[in-house]
Amino acid sequence: MDTPLYGTPKSHHAPLGPLSPPLMRASSTAQPDAESVRALGTAQRSGEFYQRMGHENCRQFESLAAMREGSDGAVSFASGMAAMSGSMLALLRVGDRVLVPHEVYGGTAAFAAQDLPRFGVEVIRFRALELGDLRKGLAQRPKLVVLETPINPTLRLVDLAACALLCKEAGATSLVDGTFAPPPIQRPIALGVDLVVHSATKFYGGHSDLLAGVACGRHEHMRLIEQFRRRTGAILAPDPAWLLCRSWPTLDLRINAQQDAARELAHRLSALVREGQIDDVIYPGMPSHPDRDLCARQMHGGGTMVSLIVPGGLDRARRVFDALQVVARGPSLGSVESLASLPSFTTHALLSAEERRAAGIPDGLLRISVGLEGAAAIAADIEQAVRRTA
Ligand code: PLP
């Protein structure tokens, strides 16, 4: 095939020259002759030309992501939602159907409800935890099936290998939003999924200082997604691409440490459940989790997210939230700081209390993205907030 215009996996070799890659901010690069302008301008050659058509900093990040996800290539975007919407729009056309789970990130749900139908795409919602519901949806011959696991904020898991196989048999392309469990925790491509999309704003960046998204998969899909990105312009900028490469060497270190802390935090919070201080702790790696067997098959560890349910509903949950002193309050996840979120006020605010309960989200649910402060400090903070508001 032609030289891809996106990053592809590179073999590792000992670094030579500057140990931090150069940051190239130029929007336009002068060329020596007409032939160079022709080849670069018609996208027959990859190289520095015009930033929207690709640039070295984003290709460096894409190569790292493709290597890590085990994909032919990767295409990077200005945000996770740009990667999600760009991947879907690049693959869909008028008259196509797409299956989207009820249990999906609010931004994806809003895009599916408000934008895809405007372009003549029919959106069919299904229950991600019921394979029978996916089978029923696949009988309607969708072009694309969207999956997301672990599910926010209930941390239930979708069986990626089983879903990918059903999609393949039905001739549908499978796309998973893997934001909640990046490598080394989960590798959807190895489980048979066609495309994996991440909000790289989260773990890949890891330091709360950038917005980014990436789609990884086979050349046939990457080519279409890269061309769509070039036409529509949501490419990852050089500065966040450089920061993502900076964050890269510590990805495993951060995630393994955050995952160890999450497991220990869940264990420590179980003591509060036994004491009757809180109603439940949800962590996929715990023996009490309904998807513990799937977790053992599909993930390397239980992830870095922990949800807890406090008695007293939303009123108590917001008082516990307000009483936190170590864990920060705010949107997002996956960074080195622990971050608490109240789904009833953020991601699931537009649902009624009834609808939230139907989706398995009690009003007293608090979601914690576990950072690097240490499990003991995080657990002590949550414990003081729970006891102070009892
Ligand atoms: N997917 C999931 C699961 C997310 O949690 C988010 C953001 O929170 C996104 C996609 C969107 O990512 P971004 O905010 O980088 O656009």
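How many of the ten residues of α8 are buried? Seven are, so α8 counts as mostly covered, buried here standing for under 20% relative accessible area. The model is predicted.

## Helix α8 and its cover

The buried positions of α8 are Pro238, Pro240, Ala241, Leu243, Leu244, Cys245 and Ser247. Among the elements that cover these residues are α2 and α9, the latter spanning 251–274.

## Packing of α2 on α8

Two packed helices are described by the angle between their axes and the distance between the axes. For helix α2 (residues 56–69) and helix α8 (residues 238–247), the axes come within 8 Å and cross at roughly 35°. The crossing of α2 and α8 is left-handed.

On the α2 side, the contact is formed by Asn57, Cys58, Gln60, Phe61 and Leu64. On the α8 side, Pro238, Ala241, Trp242, Leu244 and Cys245 take part. Sorted by class, the contact of α2 with α8 holds eight nonpolar residues, two polar residues and no charged ones. Pro238, Ala241, Leu244 and Cys245 of α8 belong to this contact and are also listed as buried.

## Packing of α5 on α6

Helix α5 (residues 131–138) and helix α6 (residues 160–170) have axes 10 Å apart, at an angle of about 20°. Angles under 35 degrees count as roughly parallel, and α5 and α6 are therefore roughly parallel to each other. The crossing of α5 and α6 is right-handed.

From α5, the residues in contact are Leu131, Leu134, Arg135 and Leu138. From α6, they are Ala162, Cys163, Leu166, Cys167 and Ala170. The contact of α5 with α6 comprises eight nonpolar residues, no polar residues and one charged residue.

Strand β7 covers residues 213–217, and five of its five residues are buried, so the strand is largely enclosed by the rest of the structure. In a regular strand the side chains alternate between the two faces of the sheet. In β7, Gly213, Ala215 and Gly217 point one way, while Val214 and Cys216 point the other way; all are buried.

Strand β1 (residues 73–77) runs antiparallel to β7 and is joined to β7 by five bridges. Within this pairing, Phe77 has Gly213 of β7 as its bridge partner. Strand β6 (residues 195–199) is likewise antiparallel to β7, with five bridges between them. Here Leu195 is bridged to Gly217 of β7.

Note on methods:
Residues numbered from 1 in each chain as written. Predicted model: local features only at pLDDT ≥ 70, side-chain atom pairs only at ≥ 80, totals over all residues. Heavy atoms only, no water. Axes fitted to C-alpha atoms, helices over the stretch in contact; angles between N-to-C directions. Helix = DSSP H or I, 4+ residues; strand = E, 2+ residues; numbered from the N terminus. Parallel < 35°, antiparallel > 145°, perpendicular 65-115°, else oblique. Left-handed = near helix turned anticlockwise from the far one by under 90°. Contact = heavy atoms within 4.5 Å. Nonpolar A, V, L, I, M, F, W, Y, C, P; charged D, E, K, R; others polar. Buried < 20%, exposed > 50% of the residue type's maximum accessible area, 1.4 Å probe, protein only. Pairing = 2+ DSSP bridges.
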